[in-house]
Amino acid sequence: MSRLDIHKTYKLYIGGKFPRTESGRYYPVHNNKSKLIANMCLSSRKDFRNAVVAARKAQTSWAAMTALNKGQILYRIAEMLEGRKEQFVEELRIQGQSSKKAREEVEQSIDRLVYYAGWSDKFQQIFSSVNPVSSAHFNFSCTEPMGVLAVIAPEDQGLLGLISVVAPAILGGNTVVVLASHSNPLSAISFAEVLNSSDVPNGVVNILTGDKNELISHMASHMDVNAIIYSGNDEEEIKNLSELASENLKRIVIYKKQDWSNDKNQSPYFIEKTIEIKTTWHPAKM
C-alpha cells in the first residue's frame, strides 16, 4: 500500500515558542523541479508585533549577561548545529543546492558562529577608549547595545546569510526579530529548533517567515524597534525603508548583495554596526 507524502508545516519562532501565524495563512515552498516540499507561515503584522514584545522583554537581561556567557551560548549553538549537520545539508539540497555547496554552507555557518563566539570578550576593547581631553576630567567611551533590531535576512544562502547577520547582532547585546528568506526558508525555522536547545534565552532571537512586501513597512515604522538591518539591493525598498525609519530616528544598516561565504564578510565591524558608543565624563578630582 503506497503512503501519502506528509509535508511539514513549519511554524514561527517567537519568545522561545513555536506558534502558528495568527493570520492562518501559509505559502507553499517548491524545489527547483516545482515539487511541493513544505508549507511556510505567512506572517502578519500582529505576528511581528508579538515578536517585538518578546524581543523587548528579553533585551535588558540578555544585554546584562557577561561577555563570557554570550560567547559560551554562541559556541553552544555551533555545537548543536554540528550535531544536526546532515539535516541542514539535506534541507539546503532539496531547496536546490548541490550536495557539495550545501555541505560547504552548513560547515561555514558553524565556523561563523565559533568565529563570533571568540569575539565575545574582545570587541569591547577595540571599540572602547579613554579619550584625551584638555580639562580636569577623565573621558571614557564604551559600547552599548542598540536594543531591539528588526532584521531582513539575505534571500540567498538561507542559513549562512541568516547566521552572518544575526550572530554579530546578538553578540552586541541586542535582541532580534528576523524575517527569513522567502524562497529559502526551511533552514531558518530548523535553525530556530537549534536555538531552542542551545541555552539561548527566550526572546533573544525571534524568526518569522512570510512576504517581505507585507512586513517591510511595519518593520521600519514600528516605534519600539531601535534599528533595522536590511539585506538586499532593491533600491526602491531601501528608499522606502530610509524614509520610514527617518520619521522615528531608527538606524538602518544595509548589506547590499554579498557573498556570505567570503571570509571578508565576517568581522568585528559587523558587531560595531549594531552597537552604540556611550561617552562618559568624570572629574579627575572630587
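This is a predicted model: local features need pLDDT of at least 70, side-chain atom pairs count only at pLDDT 80 or more; totals for chains, interfaces and linings use all residues.
Biologist: How many residues of strand β7 are buried?
Modeller: Helices (H or I, at least four residues) and strands (E, at least two) are DSSP runs, numbered from the N terminus. Buried means under 20% relative accessible area, exposed over 50%, partly exposed in between (1.4 Å probe, protein chains only). On one side of β7, Thr175, Val177 and Leu179 are buried, and on the other Val176 and Val178 are too. For β7, residues 175-179, the count is five of five.

Biologist: Which residue in β8 stands opposite Val178?
Modeller: Two strands pair if DSSP finds at least two bridges between them. β7 and β8 (residues 205-208) pair in the parallel sense over four bridges. Opposite Val178 stands Ile207.

Biologist: What is the handedness of the β-α-β unit made by β6, α6 and β7?
Modeller: A crossover is right-handed if, with the strands pointing away from the viewer, the path from the first strand over the helix to the second runs clockwise. β6 (residues 148-152) and β7 pair in the parallel sense over five bridges. With helix α6 (residues 160-171), they make a unit that is right-handed.

Biologist: Which strands are the edges of the open sheet of three strands?
Modeller: The pairing in this sheet is antiparallel, in the order β4-β5-β11. Nine bridges join β5 (residues 137-145) to β11. Each edge strand pairs on one side only: they are β4 (129-130) and β11 (275-283).

Biologist: How are α2 and α6 oriented: roughly parallel or roughly antiparallel?
Modeller: Axes are lines fitted to C-alpha atoms, for helices over the stretch in contact, and angles run from 0 to 180 degrees between N-to-C directions. Helix α2 (residues 67-83) packs against α6 at about 155°, with axes 10 Å apart. Angles under 35 degrees count as roughly parallel, over 145 as roughly antiparallel, 65 to 115 as roughly perpendicular and the rest as oblique. That makes α2, relative to α6, roughly antiparallel.

Biologist: How many disulfides does the structure hold?
Modeller: A disulfide is a pair of cysteine sulfur atoms within 2.5 Å. Cys41 is buried at 0% relative accessible area, and Cys142 is partly exposed at 30%. The number of disulfides is zero.

Conventions
Residues are numbered from 1 along each chain as its sequence is written. Side-chain values use heavy atoms; hydrogens and water are left out.
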